[in-house]
Amino acid sequence: MPVAGGETKERGGNEENLEETVNEVLDIHPAQLQCGGCSKNISDRYFLKAMDEYWHEDCLSCDLCGCRLGEVGRHLYSKYGRKLCKRDYLRLFGKDGICCACGKRIRAYEMMMRSLDKVFHLDCFKCFTCNKNFCVGDKYVLLENTIFCDNDIPEFRELISDD
Ligand SMILES: [Zn+2]
Ligand SMILES: [Zn+2]
Ligand SMILES: [Zn+2]
Ligand SMILES: [Zn+2]
């Protein structure tokens, strides 16, 4: 009987390797650099590198919704030379999944629970026995498409060992 278990992790959809990491640059003199956004020289002491270009902190934003991407360690996505925030990237290019519990579509930008190759709506990811919803880090056991919480795991173990 295949049993998957582990700790719940939150994540938002399918991430391909188009992810770029925003980096802080300290070792080049900023007067030599041009901003990839406004094309002006970067004279600030603080600037960023992403997608092989340098940016003023305020010039690095999502091309679609305009949200700020200019934070160190923040991920941005590049596609067709455009820079996108994670939500917009997943909305446009992410692959939708099918929830294993309710059978309905999960849009790629929605938060979902993932266990092995299965995905669930956050709301659908709950214990079959007590209906409890899970928080990140909670333990669960997944049997086929049925989820059991930590409290119900001991009983559940007995159930399958009796088999
Ligand atoms: Zn700029
Ligand atoms: Zn955006
Ligand atoms: Zn669902
Ligand atoms: Zn339970």
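**Briefing: sheet, hairpin and cores**

Strands E3, E7 and E8 make up an open sheet of 3 strands, in the order E3-E7-E8, with antiparallel pairing. Strand E3 (19-21) and E8 are the edge strands, and each has a single partner strand, so one side of each has no neighbour in the sheet. From one strand to the next, the twist averages 40°. The model is predicted. In total, the secondary structure of the protein comes to 2 helices and 14 strands.

- E3 and E7 run antiparallel and are joined by 3 bridges.
- Within this pairing, Thr21 has His75 in E7 as its bridge partner.
- Helix H1 lies across E7 and E8, at about 40° to E7.
- Which residues of H1 are buried? They are Lys86, Asp88, Tyr89 and Leu90.
- These buried residues of H1 pack against E7 and strand E8 (82-84).

**Strands E4, E5 and E6**

- Strand E4 (residues 23-24) pairs with strand E5 (residues 47-50) in the antiparallel sense, over 2 bridges.
- E5 also pairs with strand E6 (residues 53-56), again in the antiparallel sense, here over 4 bridges.
- Lys49 of E5 takes part on both sides: Asn23 stands opposite Lys49, and Lys49 stands opposite Tyr54 in E6.
- E5 and E6 form a hairpin with 2 residues between the strands. In this hairpin Met51 takes a positive phi near 55°.

**Nonpolar cores**

- In soluble globular proteins, nonpolar side chains tend to be buried together.
- The largest nonpolar core here has 18 residues. Those that touch the most other members are Phe47, Tyr54, Trp55, Leu60 and Leu76.
- Two or more residues of this core come from each of E5, E6, strand E7 (75-79) and helix H1 (86-93).
- The element that gives the most to this core is E5, with 3 residues.
- Trp55 touches Cys35, Gly36, Gly37, Phe47, Leu48, Ala50, Leu60 and Gly70, when residues up to four places away in sequence are not counted.
- Another core, of 16 residues, lies apart from the largest one. Among its residues are Cys99, Ile106, Phe134 and Leu142.

**Asn133 and its loop**

- Where is Asn133 placed? Asn133 is in the loop between strand E12 (118-121) and strand E13 (139-143).
- Why does Asn133 count as partly exposed? Asn133 has 14 C-beta neighbours inside 10 Å; a residue is buried if the number is 20 or more and exposed if it is 12 or fewer, so Asn133 falls in between.
- Asn133 and Leu122 are 11 residues apart along the chain, and their C-alpha atoms are separated by 8.2 Å.

**Whole-chain totals**

- The protein has 163 residues, and buried residues make up 26% of them.
- Of the contacts in the protein with a separation of 6 or more, 35% are accounted for by residues 24 or more positions apart.

Methods: Residues numbered from 1 in each chain as written. Chains lettered and ligands numbered in written order. Predicted model: local features only at pLDDT ≥ 70, side-chain atom pairs only at ≥ 80, totals over all residues. Pairing = 2+ DSSP bridges. Core = buried A, V, L, I, M, F, W, Y, C linked by C-beta atoms within 7 Å. Contact = placed C-beta atoms within 7 Å. Axes fitted to C-alpha atoms, helices over the stretch in contact; angles between N-to-C directions.
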